[in-house]
Amino acid sequence: YLTQVNVFGNNITEERVIRDNLEVDEGDPFNELLLIKSINNLRGLNIFGKVEYKLETVEKNKKILNINVEEKPTGEIFASAGTGTTGTTFGGGVKENNFLGKNISLDTNLRLNDETIKGAFSIVNPNWNYSEKTLIASIESSVTDRLTDYGYETGKTGFTLGSAWEQYDDVVFSPKIRSFYEKLDTNQSATANLKKQEGEYFDTSFAYGLDLDKRNQRFQTSSGYRSRFNQSIPLISEDTAFFNSYEFTTFSQISDMVTRLSIQGSAINAIGDEDVRISKRL
């Protein structure tokens, strides 16, 4: 039995964050597989540079688990630039993976190219209000100017609010509500179908994801698979565009090498003969 679990080295990170990711607890029968999974869960958080453990036997059938973590810098400032057939792109942003020592992720970024300016700010709290549910929130805004080549310009601003939790063993359910205001303008060079879409829109949709995770571990996965399905359903909208996507990833270990094979597909379709709005197309 594990009679005691001690945590050392967490000067910034709250001890609750570490214990929430353990598959073993004080008073449990000792299970080496769950212990290894617990250590890999901590390494997979990407907030520790090193995670080590040591077992001590105090009496017959009684053990003490000592976990030592070494915290690493979790904030980053990044910048990017590139060029290609679609033009030049610049970007940058700031990230923090362990805000206030609570394993809360903050991400703000800005991206610019010849046609689009897009900015976003998001926050992910993996254990909101001690509920063992993830809170996801984001605000984003974008402007796409294709008046010269395609005869239209569109601007979108809105927010996303959602959550995620393990509904069944290895199955994570992640519902979201997304609301956006959009204005679409056209000029004389636009097609007749595009001119029909000109105007202002307010869209609210319900999106959800189902994630079946059968990987052997989150950190340095070497076997198993992951199957993810996502769908977006319009609730309040000028059109009836349904978005669907599916992704399947499998991992296999061959000698000392791990191979990863992934396939992904997505589609957006409107009911009936209605055209999908130009800004929603894939």
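Is Val94 buried, partly exposed or exposed? Val94 is partly exposed, because its relative accessible area is 42%, a value between the 20% and 50% cut-offs. Keep in mind as we go that this is a predicted model.

Ile136 comes 42 residues away from Val94 along the chain, and the C-alpha atoms of the two are separated by 18 Å.

Now step back to the sheet. Eleven strands make an open sheet with antiparallel pairing, in the order E4-E5-E6-E7-E8-E9-E10-E11-E12-E13-E14. Its edge strands are E4 (75–84) and E14, each of which pairs on one side only. On average, neighbouring strands of this sheet are turned by 10 degrees against each other, direction ignored.

E4 and strand E5 (residues 87–99) run antiparallel and are joined by ten bridges; here Ser80 has Gly91 in E5 as its bridge partner. Further along, strand E6 (residues 104–113) pairs with E7 over eight bridges, again in the antiparallel sense.

The loops between strands hold some interesting backbone angles. Which residue in the loop between strand E7 (116–125) and strand E8 (134–146) can we look at? Asn129 has its place there, and its phi is near 55 degrees, a positive value in a residue other than glycine. Asn129 counts as exposed because its relative accessibility is 56%. Ser255 lies in the loop between strand E13 (241–254) and strand E14 (257–270). Although Ser255 is not a glycine, its phi is positive, at about 60 degrees. With 62% relative accessibility, Ser255 counts as exposed.

Next come the aromatic rings. How many aromatic pairs does the structure hold? There are five. In one of them, the ring centres of Trp165 and Phe173 are 5.5 Å apart and the planes stand at 80 degrees, so this pair is edge-to-face. Trp165 counts as partly exposed because its relative accessibility is 22%, and Phe173, at 22%, counts as partly exposed too. Phe173 also pairs with Tyr208: the centres of these rings are 6.4 Å apart and the planes are at 45 degrees, so the pair is tilted. This pair links distant parts of the chain, with Phe173 in strand E10 (residues 171–186) and Tyr208 in strand E11 (residues 199–213), 35 residues apart. Tyr208 is buried, because its relative accessible area is 18%. Trp165, Phe173 and Tyr208 belong to one aromatic cluster together with Phe206 and Phe229.

Two lysines sit over rings as well. Lys133 lies over the face of Trp165, at 5.6 Å from the ring centre.

In soluble globular proteins, nonpolar side chains tend to be buried together. The largest nonpolar core here has 17 residues, and those touching the most other members are Leu42, Phe48, Val51, Leu65 and Ile67. Two or more residues of this core come from each of strand E1 (2–8), helix H1 (15–20), helix H2 (32–44), strand E2 (48–59) and strand E3 (62–71). Take Val51 as an example: beyond residues up to four places away in sequence, Val51 touches Ile39, Leu42, Arg43, Ile67, Asn68 and Val69. A second, separate core has six residues, including Leu184, Ala190, Leu194 and Ile278.

Terms used: Residues are numbered from 1 along each chain as its sequence is written. This is a predicted model: local features need pLDDT of at least 70, side-chain atom pairs count only at pLDDT 80 or more; totals for chains, interfaces and linings use all residues. Side-chain values use heavy atoms; hydrogens and water are left out. Helices (H or I, at least four residues) and strands (E, at least two) are DSSP runs, numbered from the N terminus. Buried means under 20% relative accessible area, exposed over 50%, partly exposed in between (1.4 Å probe, protein chains only). Rings of Phe, Tyr and Trp (its six-membered ring) pair if their centres lie within 6.5 Å; planes under 30 degrees apart count as stacked, over 60 as edge-to-face and the rest as tilted. A charge sits over a ring if NZ of Lys or CZ of Arg is within 6 Å of the ring centre and within 35 degrees of the ring normal. Two strands pair if DSSP finds at least two bridges between them. Axes are lines fitted to C-alpha atoms, for helices over the stretch in contact, and angles run from 0 to 180 degrees between N-to-C directions. A nonpolar core is a set of buried Ala, Val, Leu, Ile, Met, Phe, Trp, Tyr and Cys residues joined through side-chain atoms within 4.5 Å. Contact means heavy atoms within 4.5 Å.
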